[in-house]
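Let's take a walk through this model together, one feature at a time. Keep the 3D view open as you read.

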Amino acid sequence: MGGGGDEAMQPLFVTKQLKGRVAYRCFASTIFVGICLILVYRLKHIPSSEEHEHGRWAWIGLFMAELWFGFYWIITQSARWNVVHRLPFKNRLLQRYGDKLPAVDVFVCTADPTLEPPTLVVNTVLSAMAYNYPTEKLSVYLSDDGCSELTFYALLEASRFAKQWIPFCKKFKVEPRSPLAYFLNHNDSDQDITFAHEGLAIKKLYEDMKNRIESAAEMGSIPKEVRDQHKGFSEWDSKITKKDHQSIVQAYLVILIDGRDTKSLDSDGNRLPTLVYMAREKKPQMHHNFKAGSMNALIRVSSEMSNGDIILNLDCDMYPNDPDAIMDALCFFLDEEKGKRVCYVQYPQYYNNLHRSNIYSCSSMVVTKIELAGVDGYGGALYCGTGCFHRRESLCGRKYSEDFKAEWNRKTWKNAGKSVQELEEASKVLASCSYEKGTLWGKEMGLMYGCSVEDIITGLTIQCKGWEPVHYNPNKRGFLGVAATTLDQVLIQYKRWAEGMFQIFISNYCPFFYGHGKIKLGAQMGYCVYLLWAPNSFPMLYYTIIPPLFLLHGVALFPEVSSPWFLPFAYVFTAKNTYSMLEALWCGDSFKAWWNLERSWLIRSSTSYLFAFIDNLRKLLGLSETTFDITDKAVDEGVLNRYQQEIMEFGNASLMVYIISTLALLNLFSFLGGVMRVIIFSKEFRNGFSGLIPHIILCGLTVMLNLPVYHALFIRSDKGRIPSSVMFTSIVLASLACLLPFHYCS
């Protein structure tokens, strides 16, 4: 995208390809050759059925596992062959558009005041209200699917605090603009006197607000004097429940026509952004479609009010970290040459509570810097559900056409002449649970229904309508969230993701069929890197169970070290893992973080991905329906202390923990037993030792990856250890597994 000397003709963003693509493709080609040689070896050396019937089936099983690994590796190459990075020019944007910038609506979604504490929610809202953007063109909407008067009260408190917080942020260029994050990491006493004085005052206001909200949460009710101050509390009565309530829309609106609402000003006399609370109607007998239904209700309600051209959607724990992120995103939408095709700009998900070692691998720098950027290189950037700027037209189902032309400088408010009360009443109809009946909402309009990863499938359908998304990963992180602090939370979250993504793959929306002729093959493959998480469970389980058991009994399933056939196995294993480590280090991860990622992949494959696959089978058989599990954002103090010490939190007797413990012990018993037999026992066993070296390496590495599991089983005494009941059961199951093959392998 070149530009001439005329500033008006300069692009608002450029796309740069990552260097070293040719070298990587040559390297990947050698890996591919090695994989082919491994498969040839498996086919040429299948044991005869007469002599080694059970070894034959184990051999064929390894061939099938390696065939899958090879196929999946090819799929992952789509995310590495055309990596691109985007660079916006917001200074050019300001010079070119000035006061003609489009209106922006920010959607924040919450669903449970217990799992998602209101103080966390309002910090996200406050940081969004404090963006460096014209306040008359900025509106923030909170969707409360829990219909909690406590959340409404917290938002009411936040609307008052915002009158002091927003001018403070803009006056002193405060960052980040989440009060919780700012006061946690900054000491105003080190600044100049004026800043320190105002900083202490605003901190006291925040602490007072926080204490009032938390006190109300502890009491379980809102004080009567507070309820009497706002008519909104009259919407709640004793019959209202989380799953059964009317639609509630309360708006703090800045009337933009003649400035009649003189109360909607901050302490410096400047306008405040629009702030809207919404709890859509729910009835037990009607499906509410989880977050997708909430987002679609917000789209409709906002269209009746501010009707912003650009929509930013955020999870309630993902606060804006860069106050200029809107300006960066607009560079992609408003570019004269390529901007009209852009449907959304996705920022990567980062977290503010991660350690450098990242014990649960909640976020991977390789995924954000390489994989997602690589899929973007084929025009297939994934919509990840939060931290994403949308073009309203594309999100509402419009197909792209070459004659499409956006009208950015239109009236901000659709119904500017209506009063606040009229807007609220009109919006309640749009938030009712019967409104969507007989419409295209959830099918052709808004976020898609019927899938637990509504974001991924929605992004795919938008792209297949001709639009092009953008993955933007700036040096300054645009958004920061809260990562899960227990293994159980992480596994449940990944199960939901893997389940929903595999559901897409086996549905009519499989990218290879639905996207055929609509998006590039590289983008189709890029989607499948994540859609195929679930089926990875079976080959991973096979490799975790069968080679260790055959090591224990001296039956080799790999070529001897002296054989030329050993070379492709050694090369593929060494080259792939060495490159993976170097790639992680280059992206900014530590060696320990990479090692933890390998452990996480092993654990997720044997638990989250396995159950995700099984649940999809149950859905196909009509035995279950789609569910949506909310990740708990409230953290116990003991759990938090262990997390800060980088100690893995097991702490319950779930089926997933049983599987993790049993597989870890199975590999430990097999490794120790196999090595002891090599050292101590029969000469015949030692003569076949060369063929068992790959077994020992694989089993030994698995044991090393599982060291935190053994620590939690046998050494730890805190509440986060693996329960004794799980330990004894796992020992019995692993021992039985080690004894059973004697009949087959002797």
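Asp-615 and Arg-618 sit together in helix H21 (residues 608-620), three residues apart, which is about one turn of the helix; helices here are DSSP runs of H or I with at least four residues, strands are runs of E with at least two, and both are numbered from the N terminus. The side chains of Asp-615 and Arg-618 form a salt bridge, with N and O 3.7 Å apart. The term stands for a side-chain nitrogen of Lys or Arg within 4 Å of a carboxyl oxygen of Asp or Glu. Asp-615 counts as buried at 14% relative accessibility, whereas Arg-618, at 37%, is partly exposed. Buried means under 20% relative accessible area, exposed over 50%, and partly exposed in between (1.4 Å probe, protein chains only). Salt bridges with shared partners join Asp-615 and Arg-618 with Lys-495, Glu-499 and Lys-619 into one network.

A word on what you are viewing: this is a predicted model, where local features need pLDDT of at least 70, side-chain atom pairs count only at pLDDT 80 or more, and totals for chains, interfaces and linings use all residues. Residues are numbered from 1 along each chain as its sequence is written, and side-chain values use heavy atoms, with hydrogens and water left out.

By the rule above, the count comes to 29 salt bridges. One of them joins Lys-90 to Asp-324, with the closest N and O atoms 3.6 Å apart. This pair links distant parts of the chain, since Lys-90 lies in helix H3 (residues 90-97) and Asp-324 in the loop between S8 and helix H10 (325-334), 234 residues apart. The Arg-96 to Glu-336 salt bridge spans 2.8 Å from N to O.

Next, find the open sheet of three strands, ordered S8-S13-S10 with mixed pairing; two strands pair if DSSP finds at least two bridges between them. Its edge strands, S8 (319-320) and S10 (350-351), each pair on one side only. S10 runs parallel to S13 (residues 479-481) over two bridges, and Tyr-351 has Gly-481 of S13 as its bridge partner.

How confident is the predictor? The chain's mean pLDDT is 88, and 90% of its residues reach 70 or more; pLDDT is the predictor's confidence in each residue, from 0 to 100. Over residues 251-260, however, the pLDDT is below 50. Where pLDDT is low, the predicted coordinates should not be read in detail.

Key: Contact = heavy atoms within 4.5 Å.
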